[in-house]
Every structure is written in C-alpha cells, then in structure tokens.
Amino acid sequence: MTTADRESVGTRPLTVITHSALLTGRLLRTLWRMPTFLVIGLVQPVIWLLLFGQLFRAVVNLPGFAHGSGGFLQFLTPGVVMMTALFASAWAGTTYLQDIDRGVMDRLLTSPASRGAMMCATMAYQAIQTVIQSLIIVVIALISGARFSGGVPGVGITVLAGVLLTLIFSAVSNAVALLTRQQATLIAISQFTTLPLMFLSSAVMDLHLAPSWVGNVARYNSVEWAVVAARQAMLAPTDWSTVWTRLGLLAAAVLVMGLLATRAFGAYRKSA
C-alpha cells in the first residue's frame, strides 16, 4: 500500500474511529496491567485536597473572598481536579517517546493506521484516566465534608471540564514529544508550563485576592476556563452562560491543538 493509499484510508471517518478504538485499547491494557500509575497520579492531588483544605480553610473569611459560602474545601475541589488533569496530561508524550525508543512508532507510521487515530488514542487514554481520577477526588472531598449544591450535573460538568483540559495538554505534550524526541526536553517544558498555569488561575485561590494583572492573565488561561466552568457548575443556582462559554473555549482549544499535534507526525517523519 502506497503512502497516498494509507492517507486516503486514514481519512475515512469510520476508519479513524476503528483505529482510535483499537489503539486506545492497546494503551488501556497497559494501564490494566500496571494500575499503579493511576494511583500515583492521585497522591499529590489528594495531599493538596486534604492538607491545604484544612490549613487554609480560614481564608474564606478574608474580605474579598467571593466563594466562601460552602467552605474552602468546596472551593478547592474543582481546582484540584483540574490540577490533576493538567499534571497528568503534561506527561502524555512519554507514551510516544517509549514507542519511539522501542521502534513501535515507526511501525505504526508505516502501517495503514490513521495519523489522526494515533493522536486520538493517546488523548482518549488520558481522558479516561482523568474521568477515573476526577471522580475519586470528588468522592474524597465528599467524605471529607464538602457539599456541592450543583449535585450530579455539577459533578458531570466538572469531569467534562477536566477531560477537555486533559485533551488540550495531552495534545501539546504529544506534539512536543514528536518534535523533540527527548525525555529531558519534555520534562523541562512540562515543569516550566504547568505550575505557572496553575497559579495564574483560581485553582487554589480566589483571584479577587490576587493582583489585578494575575486576573488579566487568567482570562486567557485554559486552566482558568476549566476551573471557572467546574466551580460554577458545582454551585446552585448555576450561571450556565458562564459554564457553556468556558466549555466552548476549551472545546475550541482541543480542536486547534489536536489538529496541530497531528501535523507534528509529518515533522517527525522528516527528522527521523
């Protein structure tokens, strides 16, 4: 089969869906055999939730704190969910780096597998992990005393926002892995971006208490979009216009980053 034939096959919608499902299943089998990665990814977020939720619970009494009616734990939970999604997805490219080192990537690229399906599979794999981890975090928060007046729909929107955030940054991580093919570079970029993005949002602190420039930067921060959508959905009454606007921005970012990341396969082949 020629390259043109492979590209023609790979662009058929049903083919892309089938290839995505098969490649996602391959990654999920790895997770099933080694679930410790899923658990390890929860250690730091749970520490943030339980430790910081207690240490800073009095911060809701500060003048200007706009979300203090349900306590700091209720405020912090959506931020911890997004923090988990952000940190985990920033490392998504390691899957590609392992495939490159083992020669799997070259075999996939010379097969009829759709390039889009290869990208969708890794993003779907990360999204499934985010769903599981997000639900566990919400359950831990409920056990710890948090109450979410938004109910089940609010939890669902929170998980959806976490998934969209995961898709954005897993696509970025995959692109970096394909373009650099270096573990050290991926780690450096991940460390350089994730913490600033988290602290330049309301994930752990109400932006009304932050300098004005932080709030201005946060308007263009996808982490802030996800946190705001989740936090609003957890409240009752819910400001649904804010929720859907932020989810729309996240969805648009997913589409753009997914397409750009898929194009990175071409750069990888040229540099291979």
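1. Helix 10 (212-218), helix 11 (222-234) and helix 12 (240-271) each give at least two residues to the lining of the second largest pocket, and helix 11 has the largest share, 5 residues. Helices here are DSSP runs (H or I, at least four residues), numbered from the N terminus. The model is predicted: local features need pLDDT of at least 70 and side-chain atom pairs pLDDT 80 or more, while totals for chains, interfaces and linings use all residues. Residues are numbered from 1 along each chain as its sequence is written, and side-chain values use heavy atoms, without hydrogens and water.

2. That second largest pocket has a volume of about 420 Å³, taken as the space filled by probe spheres set on grid points joined across faces, edges and corners. A pocket is an open set of points on a 1 Å grid over the protein atoms alone, where a 1.4 Å probe fits, with protein on both sides within 12 Å along at least five of seven lines; lining residues have an atom within 4 Å of a point. Of its 21 lining residues, Ser 202, Leu 207, Glu 224, Val 228 and Arg 246 are the closest to the centre.

3. Now to the largest pocket, with about 930 Å³ of space. It is lined by 29 residues, and Phe 37, Ala 88, Trp 91, Thr 94 and Gln 126 are the closest to its centre. Among the helices that each supply at least two lining residues are helix 2 (13-33) and helix 7 (115-143).

4. Lastly, a helix pair: helix 5 passes helix 8 in a right-handed crossing (the near helix is turned clockwise from the far one by less than a right angle).
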